[in-house]
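Trainee: Hi! Could you walk me through this one?
Mentor: Gladly, let's have a look together.

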Amino acid sequence: MTMTHTLPSAPTEDKRWRIVEATMRRTGFEPSGLIETLHSVQQAMGYLDEPALRWVATSLRVPLSKIYGVATFYHHFTLKPQGRHTCVVCLGTACYIKGSKQLLEQVEKKLGIHDGQTTADGEMSLLVARCIGACGLAPAAVVDGQVQGKSEATMLLDRLDNVMAGKVES
Amino acid sequence: MKPEELANMAEKKRILNAGYKHCIGVCMESGCISSRSDQIVARINETVKARGLQKEVRVMGVGCMGLCGNGPMVKVNDGHPMYQNVTPEHAQAIVQGLDSPTGNPELKHLVCDLEQSFFRKQKLIVRSNSGRMDPEDLADCVAHGAYEALLKVLTEMSPIDVISQITASGLRGRGGAGFPTGLKWSTVAKAGGAQKYVICNGDEGDPGAFMDRSVMEGDPHRVLEGMAIAAYAVGADHGVIYVRAEYPLAVKRLTKAINQAMRHELLGNGIFGTRFNFTVEIRLGAGAFVCGEETALIASVEGNRGLPRPRPPYPANSGLFGCPTLINNVETYGTIAPIIREGAGWFSSIGTEKSKGTKIFAITGKIRNTGLIEVPMGITLREIVFDLGGGIPDGKAFKAMQTGGPSGGCISARDLDIKLDYESLAKIGSIMGSGGMIVMDETSNMVDVARFFMEFCMTESCGKCVPCRVGTWQMHRLLDRIYEGHGTHTDLALLKELCDMVKNTSLCGLGQSAPNPVLSTLRHFEDDYLDLIKKGEAARAVQNADSVAVGTTVALEVVS
């Protein structure tokens, strides 16, 4: 790009926006860097809120409608804040064959929420994955980024209890 | 880096490695790390240090050794035992047993039999270095032959030579469709235009498949080298690796490998002192299965929603940013360097008449040995399930094997003796696919399996074309009705009709292949469908008889 690019100011004073700015700079403020930028926002802030989407739209000079389209097209992006902890149950084929559906049902029952939701106290978000590539350890679940292979329902439920009680470092 | 520096780097590292009396390799890929293999490395290092053996014992994190279901795996010296199901508590005993060629007797129960068919029947080409070297150490990779093929290509071969080697090898795309790689390369090479790109498709979206993750994590330089050779052959100077965001470790290792290669001028400008320039960047996927389709992948790299578009024009003529673009799968790039090093004749001597070389599969599900295998084409499915896989656990009987993910099909016991290649699998209604193999035992209901895949295709359909968007939804509804016992023979007939329609009228591979799991289960396991319909009808007949009786009473009451 030959034109110098003046950046619109970040949504808040939060320093984490600088990380996002760095990503946009690395991709030359090109619209093609949109997905990278959204990854960066989500990694820094936890989710994509409207002010962030507006800011990215102005910075990359891409219509907000397109940004909204991209953010909602890909499963990885979330427009809602997540709980303090997350539990992802893998529903890939290998896990499904080994009973991950039942595993998910038990977790749903325990937490009183369905996949894609967060408990009312904001403690735990429950998500499902299409395959996390740990098929050798089916059925697999991921609690706060830690994969738990060969998950028995009781083991997983215990672990969730421990995580929510703050007994395990996340 | 100058040509002679590569040999120096390799030699220096080999001498360094030979200086150690012992070498302990601990699998440091996603699967084993989730079973605490990182802590095993730390504990072994502590033990080695405490005993003052740092100069004698080399401890390294290595790539996958295959038997992922029994991980973490730890390999000790060549010819020494390999341990499975290791925990950090075993670290001390492993170090104590280093001097004995049979290992520590205390750990006898953990020794993994290297003579079992699981290892013996494999032929390692792409995975030849996985588990033998530290993928994060460039010098170690070079000592194991990395970038040798690139050097040979840049200094001894013309782009046309390279393409004719790849063509002669008979290599076909490992992403699933099996398009001849040489032909694809020559199309891109012949395409006009100053700017061309090469893309590595690492969007391994098939649930139940993790071959590409393992190659990217266990030998990232191999992938970069393959891409660089391809770029030289087709005349590109920039490459993109599209990796799914669900593979953070693969992203980390590839990023590190790119940085190392740039620093040592194995990527960048004037590689090996020639006029060849090549840079690589990583782009993250964001959880959309359709992005495995090449035109959708390109849309995603350009920062758009991952919508496929009609072909032609093919990416070879008009791809990324409208430029000629070569797209190959991770495993395909992983196969390039060995072909260049060993020759096309060597590669084409392995496999069947139309499918050459080896293929990596992830065998999972109801099977004893779960993990990754690399086998020569032409091996029978029975050998894979019962020899390499060790058969079905818990005394259950084999029912079906699913290959090719949501685009593939189910194979019944009847077809287990076919020789594995692209054509034979297509003939029985499945596909080679990227390499996921999920084994099911007699307890699995095939309607449920078909419903599972249809649910997947339905949610992953991008929505651009109607047959896929609406058809998958309708098919899922019908499958759900049948599985829940509400289905009729009319539903089944409608389902078959929809399969035909969606298959023939969808825009891209996702829709065109979405009916495959239904078609193949109908073909081999129609009884599962008929049983459910029959049971449902019987239950309804009883219900109807009851409600007719109740209805009559109510009517009489009203009249009275």
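Mentor: Chain B has an open sheet of 5 strands in the order 2-1-3-4-5, with mixed pairing. Strands (E, at least two residues) and helices (H or I, at least four) are DSSP runs numbered from the N terminus, and two strands pair if DSSP finds at least two bridges between them. This is a predicted model, where local features need pLDDT of at least 70, side-chain atom pairs count only at 80 or more, and totals for chains, interfaces and linings use all residues. Residues are numbered from 1 along each chain as its sequence is written, with chains lettered from A and ligands numbered from 1 in the order in which they are written.

Trainee: Which are the edge strands?
Mentor: Strand 2 (57-62) and strand 5 (111-112) of chain B, each pairing on one side only.

Trainee: And how do strand 3 and strand 4 of chain B run?
Mentor: Antiparallel, joined by 2 bridges. B:Val74 stands opposite B:Tyr83 in strand 4 of chain B.

Trainee: New topic: which residues are buried in helix 12 of chain B?
Mentor: B:Ala250, B:Arg253, B:Leu254, B:Ala257, B:Ile258 and B:Ala261. Buried means that 20 or more other C-beta atoms, placed from the backbone, lie within 10 Å of a residue's own; exposed means 12 or fewer, and partly exposed is in between.
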